[in-house]
Amino acid sequence: RLGAQGYQLTAGAKLTDRHDQLWVYAWTDQGADKALLNAELVKAGVAVAWPRHGLDECQNTLSKSEHIAREKRLGIWARGWPYLAKRPAALEALPPGSFVVVEGKVLRVEKHSKLAYINFGSNYRTDTSARIPRNRLKAFKAAGIEMPNLAGRQVRIRGFLSFRGGPMIDLDQPHQLELLD
């Protein structure tokens, strides 16, 4: 399907990622039949949807493509993705900076001076958590994600893995957190 056709590149509001690599969406240049190449890779299970600032229409397409791959258990979805928050040992085996998709039931949400924490277990030193800068909480609320109402909810989060005691995923965009129930 990729063949020798031409491509059109579109950049989001933020042009580079945290590694200073260029971030673009690639479209086949076929007029009315143009297709998002990124979505084709996600739909095949060889890539995941990663939310970026800007270009929400691309994010929606990528999310739908990922749903198809996940349901059909294609590519990475056939090999243990997503990780389960209640099994932090699987995450601990990964190097810091790995991109992960994690599902689990939120135990509690805590707000501190600069960060909000989503905890999947009772001990942040060993259990999986996510953190959101307080200055980004308005964006989550505008997207219909109310932090106080997350306790007891089943969610899917995505982002880069770090370790602050237990496994930690930083969230700064609402698309990184999906409500599953």
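Strand 4 (residues 99-105) is largely enclosed by the rest of the structure, because 6 of its 7 residues are buried, where buried means under 20% relative accessible area, exposed over 50% and partly exposed in between, with a 1.4 Å probe and protein chains only. Strands here (E, at least two residues) and helices (H or I, at least four) are DSSP runs, numbered from the N terminus. This is a predicted model, in which local features need pLDDT of at least 70 and side-chain atom pairs count only at pLDDT 80 or more, while totals for chains, interfaces and linings use all residues. Residues are numbered from 1 along each chain as its sequence is written, and side-chain values use heavy atoms, with hydrogens and water left out.

Strand 4 pairs with strand 3 (residues 83-84), running parallel to it through 2 bridges; two strands pair if DSSP finds at least two bridges between them. Here Y83 stands opposite V102 of strand 4. With strand 8 (residues 154-164), strand 4 forms an antiparallel pairing over 7 bridges, and E103 has R156 of strand 8 as its bridge partner.

A look at a loop comes next. K34 lies between strand 2 (22-28) and helix 1 (37-43) and is partly exposed, at 39% relative accessible area. Beyond its neighbours within four places in sequence, K34 is in contact (heavy atoms within 4.5 Å) with Q8, W27 and T28. Q8 and K34 are 26 residues apart in sequence, with 9.4 Å between their C-alpha atoms.

As for confidence, the mean pLDDT (the predictor's confidence in each residue, from 0 to 100) of the chain is 83, and 84% of the residues score at least 70. Where pLDDT is low, the predicted coordinates should not be read in detail.
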